Amino acid sequence: MNTCKATIHVLLAHRTYIIIYLVLMGIMMFTLSWSQITVATRTVADTYEPEKVNVAVIDRDSNRGGIAEGLRDYLSDSATLVSLDDDSESLQQAVASNWTDLIVIIPRGYADNFLRASQSGGDMPKVETVTSYTSGAGTIAGMNVNGFLSLTRIALIGGNVQIDDNELAAWYAKYAKVIGGMNTGEAAGSAAAGQNGNWSQVMDGSSTFDLNSLPEGTLSELTMTDMQSAAKRAARTAHDAKANRPVVVENITSQNDRAADTANPVASGFGDTMKTAIYPLFLTLSVCVSLVARVFGAGELRRRLMASPSMASIGLKRMGVLCGFALLICVGYLVTALGLTAAAGVNIVSIPVGGVMMTFTSICMFALMCTACGFMLGEFGASDMVANGFANVFGLLILFASGIAFPISMMPDTMVTIARLTPGWWYCTAIDNALGFGSAASGVNVGGWAVATGIVALFAVAFVCVGLAAGRFRRSRPNAVASTVTQLAEA
């Protein structure tokens, strides 16, 4: 009983390690695992629905030519229109507070400049835009604004250009003669139909011709009414399903994806959370067990224990308390993982009970391995600095080689070979086989789980054996300080 109390007292006296390595590191790992749970349990839609951006249209041209009204109509499907006062304070506040992703300002006289540019063939005037500094959504919305203005110009010119019927008939007769099979009268009739009707009904869809060879047309004098009509036609294209065909995404399912689809997403999220116990468990147990072993193996206390006839039982009791401490951590991690899974809004009852029990057995075996590693460090007489350094370096190696930090498929072959030599790899493999996800392509595999868990247990046995050998070596060769103290006591 005194040994148990002394062990607990030592752990509590060094609770800083427990707070940093177990509590704080555990919170960090749980934070990372929360994203894994939400991703694993999130329902993925088959269609892509882009998020609407917030756009404010400031009209300083009094909707001349229907530009402002047409622009708002054009953007209504892809953006959320925001009302904004046209004063410097409101504009500055909207930009600074990120109320909108894009502010479009139509300056005074824009419609007149637009008509003149369309009539003369000059460059299209630009509207003023202010884009949000937080994302690229405003830039994409700005591209839509330019698209509307370009469509308006095309509709304005295309709807008011005139081509002489005689020139068109002559061109068509020449073209029909080239492709063959049409007399002059039929060509003239077809040319008239193309002038006044749908040109696509006249042309053969399989034939091609040089657009530059078409007769030049004349653009009539453009008016604001023409521009308003063109703006409406351009705005209607945004609502035309034929002109704006939806993006079709073809699902090509690989063998790995099919295996992932058959896995239980809830069990996958729970398993990923249990895998994150690797780093905090190894840090806490290896350092704390090493620290306890060092305290009990230092100075006068060590000589008293060695002289005691119940030395072996004292050591077993001490390790029993440490194993109980490790078991308590495992239970707490299991309860927290189940709680996080339930907090994600999923039904934890869908996790198989057998899988949970096998997962708990695996984490207990991994905790035993960590305890054995701490025992080995203690038998080597490692100081606090050495124990902390070893635990952090080897713990990071286990963490990054286990497949938690990045997928195993991204590891080079050399790294995979090294990872197979670490206990973290086999711990994660055991959880995969217990819950039927990840590397367990065939679902729950009890045999694979038993083999992986057994390998973790072999790591524990190896650490204990190395620790016992190191302790025997140290006890058979007492250090110089202990010999000096003994000689002085005898004197």
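Okay, let's start at α3: its buried residues pack against β1 (53-59), β2 (79-81), β3 (102-106), α5 (110-120), α6 (137-158) and α9 (224-237). By contact I mean heavy atoms within 4.5 Å, and buried is under 20% relative accessible area, exposed over 50%, partly exposed in between, with a 1.4 Å probe and protein chains only. Helices (H or I, at least four residues) and strands (E, at least two) are DSSP runs, numbered from the N terminus.

Before I go on, this is a predicted model, where local features need pLDDT of at least 70, side-chain atom pairs count only at pLDDT 80 or more, and totals for chains, interfaces and linings use all residues. Residues are numbered from 1 along each chain as its sequence is written, and side-chain values use heavy atoms, with hydrogens and water left out.

So which residues of α3 are buried? In this helix, residues 67-75, they are Ile67, Ala68, Gly70, Leu71, Tyr74 and Leu75. They span an arc of only 165° around the axis, so they sit on the same side of α3; the arc is taken from the directions from the helix axis to the C-beta atoms.

For the overall picture, the protein has 20 helices and six strands. It has 491 residues, and 39% of them count as buried. Take the contacts with a separation of 6 or more: 81% of them are between residues 24 or more positions apart.

Most residues other than glycine have a negative phi. Serine 62, though, has a positive phi, near 55°, and asparagine 63 also has a positive one, about 55°. Serine 62 lies in the loop between β1 and α3, and asparagine 63 is placed in the loop between β1 and α3 as well. Are they buried or exposed? Serine 62 is exposed at 65% relative accessibility, while asparagine 63 is partly exposed at 28%.

Beyond its neighbours within four places in sequence, serine 90 touches Leu84 and Asp85.

Now over to α15, residues 353-379, which packs with α18, residues 423-435, at an angle of about 170°, the axes being 8 Å apart. The axes are lines fitted to C-alpha atoms, for helices over the stretch in contact, and angles run from 0 to 180 degrees between N-to-C directions. That makes the two helices roughly antiparallel; the classes are under 35 degrees for roughly parallel, over 145 for roughly antiparallel, 65 to 115 for roughly perpendicular, and oblique for the rest. On the α15 side, the residues that meet α18 include Val356, Ile363, Phe366 and Met369, and among their partners in α18 are Tyr427, Ile431 and Leu435.

What about cysteines? The whole structure has zero disulfides, a disulfide being a pair of cysteine sulfur atoms within 2.5 Å. For cysteine 373, the nearest cysteine sulfur belongs to cysteine 370, 7.3 Å away. Cysteine 373 is buried at 0% relative accessible area, and cysteine 428 is buried at 3%.

Last stop: alanine 382, in the loop between α15 and α16 (384-401). Alanine 382 is buried, at 9%. What does it touch? Leaving out residues up to four places away in sequence, alanine 382 contacts Ser290, Arg294, Leu377 and Ala387. Serine 290 is 92 residues from alanine 382 in sequence, yet the C-alpha atoms are 7.4 Å apart.
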